[in-house]
Amino acid sequence: MGLGKSGIPQSGPAKVCLLLLLLAGPAACSASPADDGAGPGGRGPRGRARGDSSADEAVPRHDSSYGTFAGEFYDLRYLSEEGYPFPTAPPVDPFAKIKVDDCGKTKGCFRYGKPGCNAETCDYFLSYRMIGADVEFELSADTDGWVAVGFSSDKKMGGDDVMACVHDDNGRVRIQHFYNVGQWAKEIQRNPARDEEGVFENNRVTCRFKRPVNVPRDETIVDLHLSWYYLFAWGPAIQGSITRHDIDSPPTSERVVSIYKYEDIFMPSAAYQTFSSPFCLLLIVALTFYLLMGTP
């Protein structure tokens with residue numbers, strides 16, 4: 001043991017390190033390249049002695065496996081600065097069922113099919129109501145293809161503005177705009193529909209959309225503030241393209257419809273019109289007369 005210039009007892013390498021510490025600060029005692037194992041005789045990553053487990057624990061290593069990479073990527077991509085996951089998009093609301101209790105009160109309705117049917121059991125169902133400057137339509141039909149409503153100046157097909165809900169091969173229901181050229185429906189790229197939603201469930205196509213009441217003058221898009229005959233149609237689709245309607249003579253409204261007047265109108269389908277047709281009524285009257293008069 002000896003005394004250094006500072007008068008502090010020193011011995012061996014400790015004297016040098018302490019002296020350097022006093023003169024140059026803690027950095028002077030950091031390990032040299034040789035001490036760090038840069039050379040062949042060191043005990044760093046390059047010159048580590050075999051079986052020296054303490055050296056393995058002392059030197060941190062970067063795990064370059066895919067799992068570590070994926071974890072680091074997740075931390076950078078999906079965590080905010082505070083370390084919390086970024087909020088995900090809210091789930092899409094399911095299609096709200098059509099309410100028929102409002103028919104004739106807060107919206108107008110047309111039902112075609114069995115007496116007492118609703119939007120889920122009628123062969124065809126349509127409702128309409130005013131919402132601000134728009135008209136909201138709800139359509140549903142017993143089909144796996146398409147359901148539509150047409151706005152016509154008469155009860156005949158031809159020159160009509162048509163809105164259709166089409167079930168495509170991907171399971172989606174899209175709202176499309178057509179214009180009837182004679183007996184052929186031509187799709188029009190200009191589509192006035194907005195806020196569209198639709199669903200295909202229980203072998204039924206159901207949809208809901210809004211359409212402006214007033215539109216710029218256009219041959220293919222009518223102004224709904226005027227009254228029109230409503231044409232009701234539905235049928236199959238092939239690869240998302242509509243084909244001929246299910247019945248030869250689709251039902252139509254008996255009179256022009258005003259969107260400002262809410263009615264609940266029922267129209268029996270062919271299966272329930274048997275005893276209401278003029279021929280059947282005449283037959284019933286003749287049979288009744290025959291039974292009352294008796295046979296001679």
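Q: Great. What does Arg 129 count as, going by its relative accessibility?
A: Arg 129 counts as partly exposed, at 32% relative accessibility. Buried means under 20% relative accessible area, exposed means over 50%, and partly exposed is in between (1.4 Å probe, protein chains only).

Q: Where does this model come from, and how are things counted?
A: The model is predicted: local features need pLDDT of at least 70, side-chain atom pairs count only at pLDDT 80 or more, and totals for chains, interfaces and linings use all residues. Residues are numbered from 1 along each chain as its sequence is written, and side-chain values use heavy atoms, with hydrogens and water left out.

Q: Back to Arg 129. Which side chain does it meet in a salt bridge?
A: Its partner is Glu 136, at 2.9 Å from N to O. A salt bridge here is a side-chain nitrogen of Lys or Arg within 4 Å of a carboxyl oxygen of Asp or Glu. Side chains of opposite charge can pair when their charged atoms come close.

Q: Is Glu 136 buried or exposed?
A: Buried, with a relative accessible area of 8%. Glu 136 is found in strand E5. Strands (E, at least two residues) and helices (H or I, at least four) are DSSP runs, numbered from the N terminus.

Q: What does Glu 136 touch?
A: Leaving out residues up to four places away in sequence, Glu 136 touches Ser 127, Tyr 128, Arg 129, Ile 131, Arg 208, Phe 209 and Lys 210. Contact means heavy atoms within 4.5 Å.

Q: How many salt bridges are there in the whole structure?
A: A search finds 13. One of them joins Asp 168 and Arg 172, with the closest N and O atoms 3.1 Å apart. Asp 168 is buried at 7%, whereas Arg 172 is partly exposed at 47%.

Q: What about Lys 210, which side chain does it meet?
A: Lys 210 meets Asp 195 in a salt bridge, at 3.4 Å from N to O. Lys 210 lies in strand E11 (residues 204–212) and Asp 195 in strand E10 (residues 194–201), so this pair ties together parts that are 15 residues apart in sequence. Lys 210 counts as buried, at 16% relative accessibility.

Q: Which residues form a network of salt bridges?
A: Lys 107, Glu 138, Glu 197 and Arg 208 are linked that way.

Q: Let's switch to the greasy bits. Which residues in the largest nonpolar core touch the most other members?
A: Tyr 124, Phe 137 and Tyr 230 do, out of the 30 residues in that core. Strand E5 gives the most to this core, with four residues. A nonpolar core is a set of buried Ala, Val, Leu, Ile, Met, Phe, Trp, Tyr and Cys residues joined through side-chain atoms within 4.5 Å. In soluble globular proteins, nonpolar side chains tend to be buried together.

Q: Which residues is Phe 137 in contact with?
A: Beyond its neighbours within four places in sequence, Phe 137 contacts several residues, including Leu 126, Phe 151, Leu 224 and Tyr 230. Another core lies apart from the largest one; it has eight residues, among them Val 100, Cys 103, Cys 109 and Cys 122.

Q: Now the sheets. What is the order of the open sheet of five strands?
A: The order is E9-E8-E7-E6-E12, with antiparallel pairing. Two strands pair if DSSP finds at least two bridges between them. The edge strands are E9 (184–187) and E12, and each pairs on one side only.

Q: Last one: how many helices and strands does the chain have?
A: Four helices and 15 strands. Of its 296 residues, 33% count as buried.
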